[in-house]
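Visitor: I've got a few minutes and some questions about this one. Can you put it on screen?

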Amino acid sequence: MPAPTCASCHTARANLRRPRSGQALCGACFCNAFEAEVLHTVLAGRLLPRGAVVAVGASGGKDSTVLAHVLRALAPQLDISLHLVAVDEGIGGYRDAALAAVRHQAARWELPLTVVAYEDLFGGWTMDAVARSTAGSGRSRSCCTFCGVLRRRALEEGARLVGATHIVTGHNADDMAETVLMNFLRGDAGRLARGGGLGSPGEGGALPRCRPLQLASQKEVVLYAHFRRLHYFSEECVYAPEAFRGHARDLLKRLEAARPSAVLDLVHSAERLALAPTARPPRPGACSRCGALASRALCQACALLDGLNRGLPRLAIGKGRRELELEEAPRRSVPAADALTAF
Ligand SMILES: [Zn+2]
Ligand SMILES: [Zn+2]
């Protein structure tokens, strides 16, 4: 059976069916629709005001590659300027190739690029050094968690360095749904409360952050990269991913097979939920060292670096981990589902 005609331009042959709607489109019409939807997400959510200087967290991977490409296409309409900021975690054999992909993109798209390295920002600590120090040898599973904390800090520093007013990251709907599901499964009401919405307004002096691809499915991000012929770096990090996220991902895949709207429904659920007053976590204060939001004396990044620098890595990680859990998952007697009320 020949491919149907594109439902949008009615002239070209359709190249794909949109995973969510089943609509048959040609590649060009699909890419235009994808860009229009990201534009709508940004405008409807008032994510990026006119004149914003936007730091794009660029990893060389598919999500940030697509994000940078789409925002570059939308920049004149949105009246924003873009600056790619890449973080060099110091992961031998992995990061170098990914950074090469980012450099290639920056040159091809004529976008300014700044690379910030853990080593420079964090007193000589690379992720490989942190891993050696925390696990004795090999690359431990908790690395992902700590790397996430440090990367967030590094991106913030990089964005400030280039005079950015806003930070955008490439998280897509599948990433967000996984996170929401994990928070539900852990009964983590505090994170559910903070994780909703399309971004954070920049509390505690942090730059406002948002995720313009938050409503775009992973499949469509891949399709967009394909039809726009974008080259990205697709290798997995050498450090094992967080195990629990893998379980959430598998579960979500099965849910999606039975109910294609499950991913977006979950993302929207988090936006519409509100915590009951009794379940609200205490308002975080400021880190005594760097001023970032913290629910203890030190923020996560400072607590982790403090332990590493005191030469007590194992102790520091154990302690840091508890601090992370306390900060990320306040222990509450009220299960998340009971604590939440829908508007
Ligand atoms: Zn078409
Ligand atoms: Zn701090």
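Visitor: Is Cys6 buried or exposed?
Guide: Cys6 is buried, at a relative accessible area of 0%. Buried means under 20%, exposed over 50%, and partly exposed in between, with a 1.4 Å probe and protein chains only. This is a predicted model, where local features need pLDDT of at least 70 and side-chain atom pairs need 80 or more, while totals for chains, interfaces and linings use all residues. Residues count from 1 along each chain as its sequence is written, chains are lettered from A and ligands numbered from 1 in written order, and side-chain values use heavy atoms without hydrogens or water.

Visitor: Which residues are the protein donors of the zinc ion (ligand 1)?
Guide: The SG atoms of Cys6, Cys9, Cys26 and Cys29, lying 2.3 Å from the zinc ion (ligand 1). A donor is an N, O or S atom within 2.8 Å of the metal, or 3.2 Å for Na, K and Ca; water is not among the atoms, so sites may look incomplete.

Visitor: What arrangement do those four make?
Guide: Tetrahedral, because the angles they subtend run from 101 to 120 degrees. Four donors get that label if all angles lie between 85 and 135 degrees.

Visitor: And the spacing in sequence of the donors of ligand 1?
Guide: C-x2-C-x16-C-x2-C. Cys6 is in the segment before β1 (16–17) and Cys26 in the loop between β2 (24–25) and α1 (27–44), so this pair ties together parts that are 20 residues apart in sequence. Cys26 is also buried, at 6% relative accessibility.

Visitor: What coordinates the zinc ion (ligand 2)?
Guide: Cys287, Cys290, Cys299 and Cys302, each through SG, at 2.3 Å. The angles around the zinc ion (ligand 2) are 102 to 116 degrees, so that arrangement is tetrahedral. Its donors follow C-x2-C-x8-C-x2-C. Cys287 sits in the loop between β10 (285–286) and β11 (293–294), and Cys299 in the loop between β11 and α12 (300–309), 12 residues apart. Cys287 is buried at 5%, and Cys299 at 4%.

Visitor: Change of topic. How many salt bridges?
Guide: The count is 13. A salt bridge here is a side-chain nitrogen of Lys or Arg within 4 Å of a carboxyl oxygen of Asp or Glu.

Visitor: What does Arg289 pair with?
Guide: Asp306, at 3.2 Å from N to O. Asp306 is in helix α12 and Arg289 in the loop between β10 and β11, 17 residues apart. Asp306 is buried at 17%, whereas Arg289 is exposed at 53%.

Visitor: Which residue meets Glu178 in a salt bridge?
Guide: Arg249, at 2.7 Å, N to O. That pair links helix α7 (Glu178) to helix α10 (Arg249), 71 residues apart. Glu178 is buried at 4%, and Arg249 is partly exposed at 35%.

Visitor: What do the buried residues of α11 pack against?
Guide: α7 (173–185), α10 and β9 (273–275). The buried residues of helix α11 (262–272) are Ala262, Val263, Leu264, Leu266, Val267 and Ala270.

Visitor: How many helices and strands in the chain?
Guide: 14 helices and 12 strands. They are DSSP runs numbered from the N terminus: helices are H or I of at least four residues, strands E of at least two. Of the 343 residues, 48% count as buried.

Note on methods
Tetrahedral: all angles 85-135°; square planar, octahedral: opposite > 155°, others 65-115°. Contact = heavy atoms within 4.5 Å.
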